[in-house]
Amino acid sequence: MARTDRGRGRLAVAVSVFGELLITAGVVMALFVVYSLWWTNVLADREAKRQGHAVRNTWAQKGPGALDTKDGIGFLHVPAMKNGEVLVKSGTSTDVLNEGVAGFYRTPVKAAMPWDKQGNFTLAAHRDGHGAKFHNIDKVKTGDRLVFETRDVWYVYKVFAELKETSKYNVEVLDPVPKESGVTKPGRYLTLTTCTPVYTSDYRYIVWAELERTEKVDADRTKPAELR
Amino acid sequence: MYGWIWRHLPGNAWVRALISLVLVLALVYVLFQYVFPWAEPLLPFNDVTVDNGTAVNK
């Protein structure tokens with residue numbers, strides 16, 4: 001025992017240990033914030049980049065247009081979000097979304113694909129952490145264009161409705177004809193879902209868009225006007 | 001607590017500081033690599049899908 005401890009009661013020692021434990025808890029929580037908002041982004045961006053390159057490599061190799069949904073079906077470009085391209089893969093499980101990609105729904109309502117005659121192409125991605133691919137979803141306004149890029153086609157969508165807050169159990173937003181957006185007829189829709197408000201997941205934020213036109217990808221993969 | 005650890009580390013102040021730094025880094029590594037990835041799904045900050053598969057289906 002050091003000399004300074006002599007004369008101090010057990011109570012004083014207990015109080016000091018308790019205080020140090022509180023400080024430790026605070027530091028651990030601060031580290032958790034750093035982990036959630038920074039480190040998971042580093043990991044997810046690295047993974048998404050790697051997988052994105054793999055998809056583009058596959059595309060570059062001429063061959064039958066076999067669609068491998070496991071590796072990703074294409075890239076979503078949202079100029080209003082200013083986050084470059086987002087790889088889109090199959091499924092919305094945590095494992096998939098934590099790779100820094102957007103996933104299309106398989107449950108509870110199965111997503112239609114952009115090349116289907118009609119239906120709703122429904123996507124989810126993280127608002128914060130793990131790539132935070134839909135972080136700026138609130139910057140997407142009615143009239144904005146979203147572009148989905150596949151190997152051979154650019155699908156240009158126009159945003160027509162936003163739902164800034166809805167229940168996380170509101171699965172009707174994924175319907176082939178999402179009535180809450182105001183549409184009544186079948187069409188080729190795109191739905192983005194993520195959590196809101198930022199840093200929490202109490203509610204869901206929804207953006208709906210409708211296919212405006214498609215454009216063939218040329219040999220140089222020239223971007224459509226909306227992305228230039 | 002930390003004072004106790006400090007007094008039980010070997011060497012002079014510099015060596016002790018170095019060992020402390022290594023211990024802190026090891027702790028941060030364990031937290032980032034194992035503890036936080038385990039804790040994250042248990043906390044309600046990162047659910048982004050509607051229905052999410054965990055809730056009771058409507």
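## Chain A: layout

Reading chain A from its N terminus, the elements come in the order α-β-β-α-β-β-β-β-β-β. The radius of gyration for this chain is 23 Å, well over the 17 Å that the globule rule gives for 228 residues, so chain A is more spread out than a compact globule. Bear in mind that this is a predicted model.

As a tally, chain A comes to two helices and eight strands.

How much of chain A is buried? Of its 228 residues, 34% fall in that class.

As for how the chain meets itself, take the contacts between residues at least 6 apart in sequence: 58% of them link residues at least 24 apart.

## Chain B

Chain B has two helices and zero strands. Buried residues account for 12% of its 58 residues.

For the model, the scores are ipTM 0.84 and pTM 0.85.

Chain B has a mean pLDDT of 84, with 88% of its residues at 70 or more. The stretch to watch is residues 54-58 of chain B, where pLDDT is below 50. Beyond near neighbours in sequence, that stretch makes five contacts in the model.

Notes
Residues numbered from 1 in each chain as written. Chains lettered and ligands numbered in written order. Predicted model: local features only at pLDDT ≥ 70, side-chain atom pairs only at ≥ 80, totals over all residues. Helix = DSSP H or I, 4+ residues; strand = E, 2+ residues; numbered from the N terminus. Rg over C-alpha atoms; globule rule 2.2 N^0.38 Å. Buried ≥ 20, exposed ≤ 12 C-beta atoms within 10 Å, placed from the backbone. Contact = placed C-beta atoms within 7 Å. pLDDT = per-residue confidence, 0-100.
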